[in-house]
Each structure stands twice: as C-alpha cells, then as structure tokens.
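Please look at the sequence and the model below before reading on.

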Amino acid sequence: MKMKKLRVDVQAFLFLLPFLVVYFLFTIWPMIKGVEMSFYKWTLIKKMKYVGLGNYERMFHDQDFWASIWHSTIFVIITTPLMIILAIILALIANRNSKLQRFYRSVFFIPSILSVAVASFLGLFVFQPYTGLINSLLHWVKLLPESSEIFWLSETNLAWIAISLLTLWWTVGFNFILYLSAMQDVPDEVYEAARLDGASDSQVFWKITLPLLSPITKTITMLQIIASFKVFMQIYVMTGGGPLDETRPVIQLIWQTGFRKNDLGYASAMSYMLFVILLVLSGLQYWMNNRKEVD
Amino acid sequence: MKKSFGIMLALLFSFSVILSACGGSNNGNSGSNNGAAGTNDGTTGQNNESASNGDGEKVTLSFWTLFSGGDGDNMQAMIDSFNKEHPNIQVKNTKLEWGEYYTKLITAVGNGNGPDVGISHISRLPDLINQGVVSELDDVATEAGVDWSTFNQNILEASIVDAAHYAVPIDTHPFIMYYNKKLLKEAGLLDEAGKPIMEQSSDGFITFLTTLKEKLPPKVMPFAMSNTNDDPFRLWWALYSQLGGNDVVSDDLNSAQIDTDKAVQAAQYIQDLYHKYKVIKLNDPDFYKNFQSGTAAIMMTGVWATGTWESTKDLEFGAMPIPKVFDQEATWGDSHTVVLPVTKKEDPAKRKAAITFANWLADNGQVWAKAGHIPSKPSVFEKQEFKDLPYRSDYVSVASTVKFSKASTKNWQIRDLAMFKYLNEVWANKLTPTDGITKMTDEVQKVLNE
C-alpha cells in the first residue's frame, strides 16, 4: 500500500517536473535574483558593488519615486470604483435583455481582447487634437468652437481623464463577464418570491442582487487594485508620463531606472517596494473581508 | 482564481500579439534579408570556389544593425556589394529593432555573445566605452591602413574619446530645413534658383515666417514642427549653439554647465514662434504629414526625411541648412558609426576584416546617402553617383557645422530625462524660458549625480 502511494507520488512529481523546472527558472529564480540585485549597484552588464540597504535608503529620499507611487495611486483611485460600477451596470443591461445577451456580451467584451499596444494607440488617436475622434465630435456638435482645440494629453488633469477612459473602455469587459455569470447564478425563485411580496425593481437590485454579488465584488476589487497599480503601457504611449512627469506611474520609473539609467539595482529595490505595498494592500483587504464574514 | 487566470491569459495574449506584431515587421525585414541571404549564398558559393583556389583564409563577420526601412535596405545593398568585392570576408547582417538595439547589444556583449561588428550613434559611444562594450581600434586601424585624415574632421573628432579612436563614422545626420517650393513661390518668397528669399538673421527668419502666414491661405501653416521632444529640442540645440552656447555639461563631464543667457535666448526665440507669432500649429500631432501633404511651407528635422519626401508624389521641395538665425552657423546632428564590440576571444583576423569593412562603408557613402545622410568622407561628395542624387549637395556643408555633444556617458539620459521634460513645458507656454532653463539645469545635474 505504502509502495503504491509512493509510486503515485513519484509519478505525479514526474508529470509536474517540466512545469516546475520552467516555473523555477522563469519565476522563482528571477525573484530571488531580484532581491540580490536590490542590494547591489548593478548595471545591465554586471554587478558592480555591494551597497547593502543603500538602494532602499535612497528610495526613501527620492521624490520622483514617491511622486510616481502617488500617480499610480491616483490611477487606482479613479479607475477601481468605475471599473466595478460600470461592470455591474453593463451586466444588468445584458442580464435583463436575454434576447440580445449574446450581442451585448460580445460588444462589451471585445475591447479586452486587444493588446495593450493596440488599445494605447487607439487611445492616442482618439484623444489627439485636430484629427482626434473626441475633438472632432465636440466640434461637430458645436460644444467646442471650430478655432479651438482641447489638448487632452498635454494637461495633467485631462490626461488622467483620457487615460482612465481608455483603460475603462478597454478592460471593463472582464469584470462585466464575471458579474454577468454571477448574476445568472442567482436562482430565479429568489426573484419570484420577491416579486410576489411586491418588491420594486430598485428594491430587488439593492436587497437581493447586490448582496448576492458581494463575494465576486470583493474578488474583483482586490484584483482590480493590483492590476491598476501595474499600469504602464497605455500611459507610456499616450503621454509618455508627461507633462513634467506628472502622469508617470511607478512601473515607468522602474523601467526608466533599469533600462534607461542602466541601474538595475535601484530598479529592483523599487520593484520590491511596490511588491510590499501590493502585499500589504491585499493583506488588509483579506483581513477586512474575513472580519466581516465572522461578524 | 478564475480572474487571475483570466489576467494571465490576457497577458499571454497581449504578449503574443505584441510579439507577433514585432514578428510581423521582422518578417518583413527578414523577407528582404532572406532575399539578400539568397544572393549572399550565391556569392558564398563562388567565394568558396575562389577560396579553394587559394585566396587565403575566409573570415565571417556577424554585424548587428538598427536600421529599418530605407536605411535598412541601403545597408543591406552595401553589405551585398562588399561581400561580392571581398571574397575572403563575408558580412552577415542581423537587423535588430531600433528600440531594443542598445539594450541587446550591451547585454549580449556582457554575456560574451556580442557580434563582431556593430553600429553606435556617436552620442551613445562614450556610454558604450564606459561599460566596456566597444573596443579601442587604433592599432588595428593602422594595420588595415585606415587613413583618418580622409574623414570629415568635425565628425571624426566627435568619435574620439580620451584621445583614442573607438569608431569609424559612416555619416552624419544633422537637423536641416525643408521647404515647399510651390507654397514659397505663391508667397513670393522663392528666387529664380528655387531658393528661399530670406535674410539669415533672427529678425529675417521671423519676417520670412510671418510673411508666409500673411500670404498663404489660413489652413496652411508656415512652419511644421512638433510640440514635444526631439525636433524642437534639436532646434533649440542648434540655436543655442549658434549663439556660441557650449554644450550643457562641463568639460570634466561632472556638472551641469548651461550657458543660461544663451539657452534662455534660444528658448525664448522658439517659444515666440509658437505663441507670439503663431507660425507653428500648436500641439500638432502630425507635423511630418502636414509638410508631406503640402499644408505647411517649411519644416525642420533630420536629413533622413529626404528619402521620404523624394518618394512623395507631387511634393516639390528643397533642402538647405537651417538658417543662420544667430551669430554663427551651427546645427544639431548625430552620426552613425561602426564599432568593434568587445569579444570573449580577440581574433586579430576578424578585427582587421571588420575595420576594412567599416572603412569601405565610409568610402562608399554614395549608397548610404540615398536615405539622406551626409557621408563621413568628403571624397564621396566628388563621386558622380553622389552628385546625381538631388538635394544632398545642397546641405553637405552642414557636416562641418554640426555641433556634437561632449563625450558624456549620460548624453541620452540627459536628453531624454532632463532636457525634453522642461523644454516641452516651455514650448507649451507653461514655463517661462528662464524658469525652464533653470529647472533643466538642476535636472541635468541630478542625472549627472546619479
């Protein structure tokens, strides 16, 4: 009996081995190497010298770093609630109209299959002055005089709006699909019972649908915060982090430090700081969710 | 879990889309590469025969380039004819994406897997030397009989670091001015010889532009220019140099040393073009296209645009050095050079072959000039093949007035991370030239300190 179990274990291990090798080589090992790097002055070519906690110390005095952390945070604050509210609204629309459900599902989801590069360039074309879609529309409906232009991507506040709208359009489809499937899991009997008791549409939504969606909402919130913190490419394409680095997210700073300034050590230290921030945020959220459930 | 799996999938998907997109363009390249490789193989076949006839040992060189489009085709054509002329040296071209070229070169050389021959911008050279990526080539150049005096001395000097030669320049690609002949004629600003009628002074250039604005229909902009980053920076650098401004770093390369008054004056002049005289379309996302489609009278950019304008139907244009707005002629420019990366095991035969190849590229600049670049050897200007190319002769003199950056290892960082940042705000009229230059100085210093 024992022998048999051992054999099964060995077999399982053998089957897992290829994955484990790849996983170790491309995920675990770089992570360990990254920690090592963060303690050195390390260029693209070689490690130069041990600096201990020097990189971390430098980070605490580096205004650019904290500014870029703040920019990523702004993005999280703007987009996360919208990502959830809009996804619920879209899911409600699709869920209500069962004939057009298939249509809605593809319309809302299709943007998410675009690559980040394609989506970002679309954003650039939509928001650019003179020939961009938004300004042309505004001219067309006479909201904007023919002789003036809105420079969406050159003003910090407008740039955040443009970047957020683009990201919303591009990625909300995923949350929408998750919500839609969660809504479809709610048994019809619950709704029927509510109707018999004379509940209005809004009562049904606030008292039944929304509470039943709360587990998926928690999951989506957490994943959305992490995903939004990692924003980079669409900002890089649309504003380059400008004006005056005021939209530069932390990932862009890390990339610039590593590959433009040739300082992989400091870049690794910043990456680990970001990692810790995300870890703390997820931990906090996990703790809050658990506490509520105990209550 | 499901969601994170979804994210994983999305990431994978987007990666694969990006990769395949790159692959797509690569395929385009390798398509022509393959074609070329085909002919290469053909010649290799012959060469093998000639080699077996006792022509000595054959050397194969791997050559990494960052050229795409017309540049890429011209370089491949040059490599093909070099290979034909030199049965004993075969150069194999690997085209890398511009954006990742330097990172790949540096890491590959660091791992000992670098190429035998590479390309470097002259402004990037000090950084590559400092990192131990490229090797000094005085000895091998002497051995191969390279005559440094045959090069344009202004370009050559910029390639000398710490009194040693590290690179063979093959061109310079300066910032010049293009003009639309039809529009200038319409405004009465074109002389019989097809040159602009303009007084070469600070007022003269502005009068020229404001006259264009008055005389041409309102939808035509006098001056097509971007609002951010490279091209307005190049114009600023040119005007700052015309005023006698001496780079932005000190001679010992350790501190920011901007000639504030001159820098401000140059910045003010350009800011006025945007905001006071309104001769540049604000935040123009498509300034190349506007000149190309004839909705802008002049534009300024690097000489690489010549090839593009030439292949544009119905565009009657002229090319000339940028006007002498201030005291002395000067412009921005960079240069492509051939370098010998450091290799694990130094092979003298390969190094000699490589330097022979580099020198040959410089000697045959008439092919390279097709894209618009100015060859690094003045002797090329005398070749009939070069003279037959239009426009180039109008601006070859610029090669001697290009103001190269000092040999700082941080040239690109200073430009990308410090100078663009504040100059962009000056062009957007959000900072005064004085504030912009002051803040820029601090930022340059910061980059140098890091």
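In this predicted model, helix α8 (residues 188-196) of chain A packs against helix α9 (residues 201-229) of chain A at an angle of about 135°, and their axes are 11 Å apart. Helices here are DSSP runs of H or I with at least four residues, and strands are runs of E with at least two, numbered from the N terminus. Axes are lines fitted to C-alpha atoms, for helices over the stretch in contact, and angles run from 0 to 180 degrees between N-to-C directions. Angles under 35 degrees count as roughly parallel, over 145 as roughly antiparallel, 65 to 115 as roughly perpendicular and the rest as oblique; α8(A) and α9(A) are therefore oblique to each other. The crossing of α8(A) with α9(A) is right-handed, that is, the near helix is turned clockwise from the far one by less than a right angle.

The unreviewed UniProt entry annotates residues 69-285 of chain A as "domain: ABC transmembrane type-1"; such annotations may be inferred rather than shown by experiment. Over residues 69-285 of chain A, the chain is 76% helix and 0% strand. The entry also marks "transmembrane region" spans in chain A, among them 106-127 and 158-180.

On a 1 Å grid over the protein atoms alone, a cavity is a set of points where a 1.4 Å probe fits but cannot get out, and a pocket is an open set with protein on both sides within 12 Å along at least five of seven lines; lining residues have an atom within 4 Å of a point. A volume is the space filled by probe spheres set on the points.

There are five cavities of 30 Å³ or more. The largest cavity has a volume of about 180 Å³. It is lined by 17 residues, and those closest to its centre are F233(B), W332(B), S405(B), N411(B) and R415(B). Helix α17(B) gives the largest share of this lining, five residues. By class, the lining of the largest cavity has nine nonpolar, four polar and four charged residues. Ala, Val, Leu, Ile, Met, Phe, Trp, Tyr, Cys and Pro count as nonpolar, Asp, Glu, Lys and Arg as charged, and the others, Gly among them, as polar.

The second largest cavity holds about 60 Å³. Its lining includes R58(A), D62(A) and E450(B), and α11 (250-260) and α12 (264-294) of chain A each supply at least two residues.

The second largest pocket contains about 470 Å³ of space. Among its 18 lining residues, Y130(A), S147(A), M221(B), K281(B) and L282(B) are the closest to its centre.

Residues are numbered from 1 along each chain as its sequence is written, and chains are lettered from A in the order in which they are written. Local features need pLDDT of at least 70, side-chain atom pairs count only at pLDDT 80 or more, and totals for chains, interfaces and linings use all residues, while side-chain values use heavy atoms, with hydrogens and water left out.
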